[in-house]
Amino acid sequence: EADDEPGHMMSIYEIHRKFPADGPAINGVRIKESFTRGYGDYMSSNGLSTNYTTFVLENGDKFFTKGLTLGQADAAGKRSTISVNNIMGATGKLAGMKGILRGRGASDGKAGYNETTAELEYWFEK
């Protein structure tokens with residue numbers, strides 16, 4: 001907690017997601033998992049976080065995003081979020097990948113609940 005006002009929290013976090021076997025794919029290769037690491041500055045669970053995500057495909061290729069997530073909470077502490085992430089680089093067959101990942105989410109930290117839906121728009125630079 002920051003000491004300036006009640007409810008002012010600064011945080012560092014990591015979210016590890018595993019995708020199902022029929023999950024999203026890029027050029028026919030499924031995304032296996034992702035690791036999001038970030039930091040936030042919130043007043044009563046309302047505020048902005050900066051995050052970095054590594055997406056790992058089944059063949060070992062990876063792509064990396066940097067993004068901002070804006071969260072807002074209701075009186076019960078349930079949050080909704082909107083995020084925009086830019087693709088910053090990639091490995092293997094994804095080298096040269098560029099694009100944007102747009103997301104929306106809902107979470108309840110007390111209940112350990114975090115759900116996100118996202119749309120990935122990408123292209124390859126030569």
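This is a predicted model: local features need pLDDT of at least 70, side-chain atom pairs count only at pLDDT 80 or more; totals for chains, interfaces and linings use all residues.

Colleague: Why does Arg37 count as partly exposed?

Modeller: Its relative accessibility is 39%. Buried means under 20% relative accessible area and exposed means over 50%, with partly exposed in between (1.4 Å probe, protein chains only). Residues are numbered from 1 along each chain as its sequence is written, and side-chain values use heavy atoms, with hydrogens and water left out.

Colleague: What makes Glu14 and Arg37 a salt bridge?

Modeller: The N to O distance between their side chains is 2.8 Å. A salt bridge is a side-chain nitrogen of Lys or Arg within 4 Å of a carboxyl oxygen of Asp or Glu, so the pair qualifies. Glu14 belongs to strand 1 (residues 8-18) and Arg37 to strand 3 (residues 29-43), so the bridge ties together parts that are 23 residues apart in sequence. Glu14 is also partly exposed, because its relative accessibility is 48%.

Colleague: How many salt bridges does the rule give?

Modeller: Three. One of them joins Glu119 and Arg102, whose closest N and O atoms are 3.2 Å apart. Another joins Glu121 and Arg102 at 3.0 Å, N to O. Glu121 is in strand 8 and Arg102 in strand 7, so this pair ties together parts 19 residues apart in sequence.

Colleague: What joins Arg102, Glu119 and Glu121 into one network?

Modeller: Salt bridges that share partners. Arg102 is partly exposed, at a relative accessible area of 33%, and Glu121 has that label too, at 38%.

Colleague: How many helices and strands are there in the protein chain?

Modeller: Zero helices and eight strands. Both are DSSP runs numbered from the N terminus: helices are H or I with at least four residues, strands are E with at least two. From the N terminus on, the order is β-β-β-β-β-β-β-β. The C-alpha trace spans about 50 × 25 × 20 Å along its principal axes.

Colleague: Which residues form the largest nonpolar core?

Modeller: Nine residues: Ile26, Ile31, Phe55, Leu57, Phe63, Ile87, Leu94, Met97 and Leu101. Strand 4 (46-57) and strand 7 (97-108) each supply at least two residues of this core. The set is called a nonpolar core because it consists of buried Ala, Val, Leu, Ile, Met, Phe, Trp, Tyr and Cys residues joined through side-chain atoms within 4.5 Å. Over the protein chain, buried residues make up 33% of the 126 residues.

Colleague: Which residues is Leu57 in contact with, leaving aside its neighbours within four places in sequence?

Modeller: Ile26, Val29, Arg30, Ile31, Lys32, Phe63 and Leu94. Contact means heavy atoms within 4.5 Å.

Colleague: Why does Ser34 count as buried?

Modeller: Its relative accessibility is 3%, so it falls on the buried side of the cut-off. Ser34 is found in strand 3. Apart from neighbours within four places in sequence, its contacts are Ile15, His16, Arg17, Phe19, Thr53, Thr54 and Phe55.

Colleague: And Ser83: buried or exposed?

Modeller: Buried, because its relative accessible area is 12%. Ser83 sits in strand 6 (residues 79-90). Not counting residues up to four places away in sequence, Ser83 touches Leu68, Thr69, Leu101, Arg102 and Gly103.

Colleague: Is the phi of Asn27 positive or negative?

Modeller: Positive, near 50°, in a residue other than glycine. Asn27 lies in the loop between strand 2 (25-26) and strand 3, and counts as exposed because its relative accessibility is 58%. Ser44 also has a positive phi, about 50°, although it is not a glycine. Ser44 is in the loop between strand 3 and strand 4; at a relative accessible area of 45%, Ser44 is partly exposed.
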